[in-house]
Amino acid sequence: MNADIIARGRVAVVTGAANGIGAAAARRFAREGMRLVLFDRDKDALRMLAGTLDTEIVVVPGDVSREADLEALRDAAYGRFGEVALLMNNAAIIERAGPYEKIGAWRHALDINFFGVLAAQHLFVPRMIEAKTRSAIVNLGSKEGITTPPGKAAYSVSKAAVKVLTEQLSHELLKATEGRVTAHLLVPGYTWTPMNFSGLKPLQDAKPDEPWTAEQVIDLFVERFRRGDFYIICPDNSVTSEIDARRIRWAADDMVQNRPALSRWHPDWGPRFAAWMSGLPEED
(Lines give C-alpha, C1' and ligand atoms only; values in the text may rest on other atoms or scores of the structure.)
Protein backbone atom coordinates (compact mmCIF):
# COMPACT_ATOMS: atom_id res chain seq x y z
CA MET A 1 0.00 0.00 0.00
CA ASN A 2 2.84 2.41 0.85
CA ALA A 3 5.49 0.81 -1.32
CA ASP A 4 6.10 4.04 -3.24
CA ILE A 5 7.06 6.05 -0.14
CA ILE A 6 10.00 4.10 1.27
CA ALA A 7 11.46 3.74 -2.20
CA ARG A 8 14.52 4.58 -4.27
CA GLY A 9 14.89 8.26 -4.99
CA ARG A 10 12.30 9.44 -2.43
CA VAL A 11 13.32 11.68 0.49
CA ALA A 12 13.13 10.86 4.21
CA VAL A 13 13.55 13.42 7.02
CA VAL A 14 14.48 11.87 10.38
CA THR A 15 14.76 13.76 13.67
CA GLY A 16 16.84 12.33 16.49
CA ALA A 17 18.79 10.53 13.79
CA ALA A 18 22.23 10.32 15.39
CA ASN A 19 21.61 7.25 17.56
CA GLY A 20 19.19 4.47 18.39
CA ILE A 21 15.98 4.06 16.40
CA GLY A 22 16.61 7.20 14.35
CA ALA A 23 20.01 5.95 13.22
CA ALA A 24 18.59 2.51 12.44
CA ALA A 25 15.88 4.19 10.34
CA ALA A 26 18.49 6.21 8.47
CA ARG A 27 20.50 3.09 7.70
CA ARG A 28 17.44 1.17 6.48
CA PHE A 29 16.15 4.06 4.38
CA ALA A 30 19.60 4.45 2.80
CA ARG A 31 19.61 0.75 1.87
CA GLU A 32 16.21 1.27 0.28
CA GLY A 33 17.77 3.95 -1.92
CA MET A 34 16.13 6.93 -0.24
CA ARG A 35 17.81 10.31 -0.01
CA LEU A 36 18.10 11.56 3.56
CA VAL A 37 17.84 14.72 5.63
CA LEU A 38 19.11 13.90 9.12
CA PHE A 39 18.54 16.10 12.18
CA ASP A 40 19.95 15.83 15.70
CA ARG A 41 21.48 18.04 18.37
CA ASP A 42 24.51 15.68 18.57
CA LYS A 43 26.19 17.03 15.44
CA ASP A 44 29.35 14.91 15.78
CA ALA A 45 27.45 11.61 16.01
CA LEU A 46 25.14 12.78 13.22
CA ARG A 47 28.03 13.49 10.86
CA MET A 48 29.74 10.24 11.80
CA LEU A 49 26.58 8.32 10.89
CA ALA A 50 26.18 10.22 7.62
CA GLY A 51 29.71 9.24 6.64
CA THR A 52 28.75 5.55 6.77
CA LEU A 53 25.71 5.81 4.48
CA ASP A 54 25.84 5.35 0.73
CA THR A 55 23.23 7.83 -0.41
CA GLU A 56 22.72 11.56 -0.87
CA ILE A 57 22.46 13.15 2.58
CA VAL A 58 21.87 16.56 4.10
CA VAL A 59 22.92 16.89 7.74
CA VAL A 60 21.16 19.56 9.83
CA PRO A 61 22.30 19.91 13.46
CA GLY A 62 19.60 21.32 15.72
CA ASP A 63 17.15 20.92 18.57
CA VAL A 64 13.48 20.01 18.00
CA SER A 65 12.47 22.30 20.86
CA ARG A 66 13.60 25.31 18.81
CA GLU A 67 11.23 26.12 15.97
CA ALA A 68 13.93 28.09 14.14
CA ASP A 69 16.01 24.89 13.96
CA LEU A 70 13.04 22.98 12.54
CA GLU A 71 12.48 25.76 10.00
CA ALA A 72 16.11 25.30 8.93
CA LEU A 73 15.44 21.56 8.62
CA ARG A 74 12.40 22.14 6.40
CA ASP A 75 14.23 24.66 4.25
CA ALA A 76 17.24 22.36 3.86
CA ALA A 77 15.04 19.44 2.81
CA TYR A 78 12.99 21.30 0.24
CA GLY A 79 15.90 23.46 -0.88
CA ARG A 80 18.05 20.43 -1.69
CA PHE A 81 15.50 17.87 -2.83
CA GLY A 82 12.23 19.70 -3.51
CA GLU A 83 10.10 17.06 -1.76
CA VAL A 84 9.66 15.06 1.42
CA ALA A 85 8.13 11.60 1.14
CA LEU A 86 8.56 10.57 4.78
CA LEU A 87 8.84 12.69 7.92
CA MET A 88 9.86 10.61 10.94
CA ASN A 89 9.49 12.48 14.24
CA ASN A 90 11.74 10.33 16.37
CA ALA A 91 13.55 12.73 18.72
CA ALA A 92 12.58 12.33 22.38
CA ILE A 93 13.90 12.30 25.94
CA ILE A 94 12.90 10.32 29.02
CA GLU A 95 11.89 12.54 31.93
CA ARG A 96 10.95 11.10 35.34
CA ALA A 97 9.24 14.21 36.75
CA GLY A 98 6.25 13.30 38.91
CA PRO A 99 2.71 14.71 38.73
CA TYR A 100 3.29 17.52 41.26
CA GLU A 101 7.00 18.30 40.95
CA LYS A 102 9.74 19.68 38.69
CA ILE A 103 7.69 22.02 36.52
CA GLY A 104 10.82 22.98 34.56
CA ALA A 105 11.47 19.34 33.73
CA TRP A 106 7.86 18.98 32.58
CA ARG A 107 8.25 21.92 30.21
CA HIS A 108 11.51 20.50 28.87
CA ALA A 109 9.96 17.08 28.24
CA LEU A 110 6.88 18.51 26.54
CA ASP A 111 8.93 20.94 24.46
CA ILE A 112 10.93 18.06 22.99
CA ASN A 113 8.57 15.09 23.04
CA PHE A 114 5.33 16.83 22.10
CA PHE A 115 5.80 20.38 20.87
CA GLY A 116 8.78 19.29 18.74
CA VAL A 117 6.48 16.86 16.93
CA LEU A 118 3.69 19.42 16.64
CA ALA A 119 6.04 22.10 15.29
CA ALA A 120 7.50 19.71 12.71
CA GLN A 121 4.00 18.82 11.53
CA HIS A 122 3.11 22.50 11.34
CA LEU A 123 6.12 23.17 9.13
CA PHE A 124 6.12 20.07 6.91
CA VAL A 125 2.55 18.81 6.54
CA PRO A 126 1.14 21.71 4.47
CA ARG A 127 3.98 21.31 1.98
CA MET A 128 3.41 17.55 1.84
CA ILE A 129 -0.29 18.09 1.14
CA GLU A 130 0.45 20.63 -1.59
CA ALA A 131 2.96 18.34 -3.32
CA LYS A 132 0.22 16.07 -4.78
CA THR A 133 2.46 13.01 -4.32
CA ARG A 134 2.11 10.16 -1.83
CA SER A 135 3.86 10.84 1.47
CA ALA A 136 3.62 10.04 5.18
CA ILE A 137 4.33 11.30 8.68
CA VAL A 138 5.54 8.79 11.29
CA ASN A 139 5.51 9.82 14.94
CA LEU A 140 7.25 7.82 17.65
CA GLY A 141 4.94 6.95 20.50
CA SER A 142 5.48 4.77 23.53
CA LYS A 143 3.60 2.07 25.38
CA GLU A 144 3.99 4.36 28.40
CA GLY A 145 1.77 6.82 26.56
CA ILE A 146 -0.94 4.13 26.23
CA THR A 147 -1.00 2.23 29.53
CA THR A 148 0.68 5.13 31.44
CA PRO A 149 2.48 3.22 34.21
CA PRO A 150 3.45 5.20 37.32
CA GLY A 151 6.97 6.53 37.72
CA LYS A 152 7.58 8.75 34.68
CA ALA A 153 4.54 11.00 34.55
CA ALA A 154 6.05 13.71 32.33
CA TYR A 155 7.25 11.18 29.77
CA SER A 156 3.94 9.29 29.79
CA VAL A 157 1.91 12.49 29.38
CA SER A 158 4.09 13.66 26.49
CA LYS A 159 3.78 10.35 24.68
CA ALA A 160 0.03 10.12 25.34
CA ALA A 161 -0.21 13.56 23.73
CA VAL A 162 1.75 12.32 20.69
CA LYS A 163 -0.67 9.40 20.35
CA VAL A 164 -3.71 11.69 20.34
CA LEU A 165 -2.01 14.19 18.03
CA THR A 166 -1.14 11.49 15.51
CA GLU A 167 -4.66 10.04 15.58
CA GLN A 168 -6.07 13.51 14.93
CA LEU A 169 -3.54 14.10 12.15
CA SER A 170 -4.45 10.80 10.49
CA HIS A 171 -8.12 11.70 10.46
CA GLU A 172 -7.56 15.21 9.09
CA LEU A 173 -5.22 13.92 6.37
CA LEU A 174 -7.80 11.34 5.32
CA LYS A 175 -10.34 14.12 4.87
CA ALA A 176 -7.89 16.47 3.14
CA THR A 177 -6.07 14.03 0.84
CA GLU A 178 -8.24 10.87 0.71
CA GLY A 179 -5.27 8.76 1.79
CA ARG A 180 -2.57 10.31 -0.40
CA VAL A 181 -0.80 11.64 2.71
CA THR A 182 -1.00 9.41 5.76
CA ALA A 183 0.07 9.42 9.41
CA HIS A 184 1.35 6.49 11.46
CA LEU A 185 2.16 5.86 15.13
CA LEU A 186 5.25 3.73 15.71
CA VAL A 187 5.35 2.34 19.27
CA PRO A 188 8.61 0.53 20.07
CA GLY A 189 8.85 -2.09 22.76
CA TYR A 190 11.84 -2.41 25.06
CA THR A 191 14.70 -1.43 22.77
CA TRP A 192 18.50 -1.49 23.06
CA THR A 193 19.16 2.24 22.58
CA PRO A 194 21.13 4.94 24.42
CA MET A 195 17.84 6.49 25.60
CA ASN A 196 16.91 3.30 27.47
CA PHE A 197 20.47 2.35 28.48
CA SER A 198 22.39 5.39 29.67
CA GLY A 199 26.04 5.32 28.60
CA LEU A 200 25.40 2.57 26.07
CA LYS A 201 28.29 1.81 23.70
CA PRO A 202 26.67 -0.47 21.08
CA LEU A 203 29.95 -1.76 19.66
CA GLN A 204 31.35 -2.62 23.10
CA ASP A 205 28.47 -3.47 25.43
CA ALA A 206 26.71 -6.82 25.32
CA LYS A 207 22.98 -6.54 24.68
CA PRO A 208 20.71 -8.06 27.36
CA ASP A 209 18.28 -10.73 26.22
CA GLU A 210 15.06 -8.80 26.78
CA PRO A 211 15.25 -5.79 24.43
CA TRP A 212 15.00 -5.76 20.68
CA THR A 213 17.64 -3.99 18.66
CA ALA A 214 16.73 -0.71 16.99
CA GLU A 215 17.14 -2.50 13.67
CA GLN A 216 14.45 -5.02 14.61
CA VAL A 217 12.09 -2.16 15.43
CA ILE A 218 12.70 -0.52 12.06
CA ASP A 219 12.39 -3.80 10.14
CA LEU A 220 8.96 -4.39 11.68
CA PHE A 221 8.04 -0.76 11.07
CA VAL A 222 8.84 -0.98 7.35
CA GLU A 223 6.84 -4.20 6.97
CA ARG A 224 3.79 -2.82 8.77
CA PHE A 225 4.06 0.64 7.20
CA ARG A 226 4.02 -0.88 3.73
CA ARG A 227 0.91 -2.77 4.77
CA GLY A 228 -0.74 0.55 5.61
CA ASP A 229 -1.07 0.09 9.38
CA PHE A 230 -1.62 3.16 11.54
CA TYR A 231 -0.76 1.58 14.91
CA ILE A 232 2.60 -0.18 14.68
CA ILE A 233 3.14 -1.59 18.18
CA CYS A 234 6.35 -3.59 18.52
CA PRO A 235 6.90 -6.57 20.79
CA ASP A 236 10.33 -7.40 22.20
CA ASN A 237 12.06 -10.52 23.44
CA SER A 238 10.08 -10.63 26.70
CA VAL A 239 6.74 -9.02 25.81
CA THR A 240 4.65 -10.53 23.02
CA SER A 241 2.00 -8.76 20.99
CA GLU A 242 -0.61 -10.78 22.89
CA ILE A 243 0.70 -9.48 26.23
CA ASP A 244 0.62 -5.92 24.89
CA ALA A 245 -2.96 -6.35 23.72
CA ARG A 246 -4.16 -7.62 27.10
CA ARG A 247 -2.38 -4.80 28.95
CA ILE A 248 -3.94 -2.20 26.65
CA ARG A 249 -7.41 -3.71 27.06
CA TRP A 250 -7.05 -3.74 30.84
CA ALA A 251 -5.99 -0.07 30.88
CA ALA A 252 -8.97 0.96 28.71
CA ASP A 253 -11.34 -1.01 30.94
CA ASP A 254 -10.35 1.05 33.98
CA MET A 255 -12.76 3.68 32.66
CA VAL A 256 -15.38 1.28 31.31
CA GLN A 257 -15.59 -0.64 34.60
CA ASN A 258 -15.00 2.40 36.86
CA ARG A 259 -11.96 0.85 38.51
CA PRO A 260 -9.35 2.89 40.43
CA ALA A 261 -6.87 4.86 38.32
CA LEU A 262 -3.98 2.71 37.11
CA SER A 263 -5.64 -0.35 38.65
CA ARG A 264 -2.97 -2.61 37.21
CA TRP A 265 -0.65 -1.25 39.93
CA HIS A 266 -3.32 -0.74 42.63
CA PRO A 267 -2.82 -3.02 45.68
CA ASP A 268 -6.47 -4.12 45.63
CA TRP A 269 -6.49 -4.87 41.91
CA GLY A 270 -2.97 -6.11 41.16
CA PRO A 271 -3.81 -9.79 41.85
CA ARG A 272 -6.89 -9.57 39.59
CA PHE A 273 -4.76 -8.10 36.84
CA ALA A 274 -2.20 -10.89 37.24
CA ALA A 275 -4.95 -13.51 37.06
CA TRP A 276 -6.48 -11.87 34.00
CA MET A 277 -3.09 -11.78 32.26
CA SER A 278 -2.64 -15.48 32.91
CA GLY A 279 -6.05 -16.21 31.39
CA LEU A 280 -7.67 -17.22 34.66
CA PRO A 281 -11.16 -15.99 35.60
CA GLU A 282 -11.28 -13.04 37.99
CA GLU A 283 -12.34 -13.77 41.57
CA ASP A 284 -15.19 -11.79 43.12
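1. The model is a predicted one. I begin with a charge placed over a ring: R246 lies over the face of W276, 4.0 Å from the ring centre. W276 also belongs to an aromatic cluster, which it forms together with W250, W269 and F273.

2. By the ring-centre criterion, the count of aromatic pairs comes to seven. One of them joins Y78 and F124: the ring centres are 6.2 Å apart and the planes meet at 35°, so this pair is classed as tilted. The pair links distant parts of the chain, since Y78 belongs to helix α3 (residues 67–81) and F124 to helix α4 (residues 103–130), 46 residues apart. Both Y78 and F124 are buried.

3. The rings of F230 and Y231 make an edge-to-face pair, because their planes stand at 90° with the centres 4.6 Å apart. The cut-off for a buried residue is under 20%.

4. How many of the five residues of strand β1 (residues 11–15) are buried? Five of the five are, so the strand is largely enclosed by the rest of the structure. In a regular strand, side chains alternate between the two faces of the sheet. Both faces of β1 are covered, with V11, V13 and T15 buried on one side and A12 and V14 buried on the other.

5. Which strands pair with β1? Strand β2 (residues 35–40) runs parallel to β1 and is joined to it by five bridges; within this pairing, V14 stands opposite L38 of β2. The chain passes from β1 to β2 by way of helix α1 (residues 20–31), and this β-α-β crossover is right-handed.

6. Strand β4 (residues 86–89) also pairs with β1 in the parallel sense, over three bridges. Here V13 has L87 of β4 as its bridge partner.

Conventions: Residues are numbered from 1 along each chain as its sequence is written. This is a predicted model: local features need pLDDT of at least 70, side-chain atom pairs count only at pLDDT 80 or more; totals for chains, interfaces and linings use all residues. Side-chain values use heavy atoms; hydrogens and water are left out. Buried means under 20% relative accessible area, exposed over 50%, partly exposed in between (1.4 Å probe, protein chains only). Helices (H or I, at least four residues) and strands (E, at least two) are DSSP runs, numbered from the N terminus. Two strands pair if DSSP finds at least two bridges between them. A crossover is right-handed if, with the strands pointing away from the viewer, the path from the first strand over the helix to the second runs clockwise. Rings of Phe, Tyr and Trp (its six-membered ring) pair if their centres lie within 6.5 Å; planes under 30 degrees apart count as stacked, over 60 as edge-to-face and the rest as tilted. A charge sits over a ring if NZ of Lys or CZ of Arg is within 6 Å of the ring centre and within 35 degrees of the ring normal.
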